[in-house]
Amino acid sequence: MLELNNISVKYGAIEAVRDASISVKTGEVVAILGANGAGKSTLLNCIAGLIHPADGSISLAGQDITTIPAHVRPALGSVLVPEGRGVFADQNVQDNLVLGAYYKKYSKAKLQEKIDSCFAMFPRLAARRHQISGTLSGGEQQMLAIARALMGEPRMLLLDEPSLGLAPIIIQDIFRSLHSLREAGLTILLVEQMANQALQLADRAYVLETGRITLSGTGPELQRDPQVRAAYLGVH
């Protein structure tokens, strides 16, 4: 589904990502672990087209998308749920969902079907469908951001820190939804600081340190790895 080949990203003289190669197979959940400032969000933003690599290439389902503009990439199947959620704060919940399908040519009936599907996955949102999104709790906004991304029937979901700033019980709800999406066969690339939850969900994972991929393996392998246990799981 996704191939990153020797990607490097620079901010002026600073090289935020260096020579990173990642692959995600169709139907896989792949996690990227790393400390703050490691380059995780930069990598996702590069895949989404929000920033452009200095070197390397990106392909989605065999198509080179390295130079394709960000606003075109959702229609090709890659949708980003950004860090900080990025909901349209002055629009209500249902309107946010409609905006998530802006690039699709849905019939009125199909659009309503997709909205109903999102409300079935996130019942909290159904109860707040007419509420202005900026007044939702942080957890509800995260649910809305994920639901909005799903409106366009993506082939691959890019998730940037979905648990950030949320209460533990809400994090459980979010990860329960991600497990459901995995069971449904959706391909997911996940950046997440809660390493234990990420590795339990992921088929495979990569560790990114100061812009470089330093380790990779299956979720269970990395859960057992002494370096990962010490640095990210709090186990010594």
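A salt bridge is taken here as a side-chain nitrogen of Lys or Arg within 4 Å of a carboxyl oxygen of Asp or Glu. The views come from a predicted model, in which local features need pLDDT of at least 70, side-chain atom pairs count only at pLDDT 80 or more, and totals for chains, interfaces and linings use all residues. Residues are numbered from 1 along each chain as its sequence is written, and side-chain values use heavy atoms, with hydrogens and water left out.

View A. Aspartate 173 pairs with arginine 176 in a salt bridge whose closest N and O atoms are 2.7 Å apart. Both residues belong to helix α7 (residues 168-183), where they are separated by 3 residues, about one turn of the helix; helices (H or I, at least four residues) and strands (E, at least two) are DSSP runs, numbered from the N terminus.

**View B. Salt bridges of lysine 110.** With glutamate 153, lysine 110 forms a salt bridge with closest N and O atoms 3.1 Å apart. This pair links distant parts of the chain, since lysine 110 lies in helix α4 and glutamate 153, 43 residues apart from it, in the loop between α6 (138-150) and β7 (156-160). Lysine 110 also forms a salt bridge with glutamate 113, at 3.8 Å between the closest N and O atoms.

View C. Of the 9 residues in helix α1 (residues 40-48), 7 are buried, that is, under 20% relative accessible area, as against exposed at over 50% and partly exposed in between (1.4 Å probe, protein chains only). Among the buried residues are Leu43, Leu44 and Ile47. Just after α1, glycine 49 adopts a positive phi of about 90 degrees.
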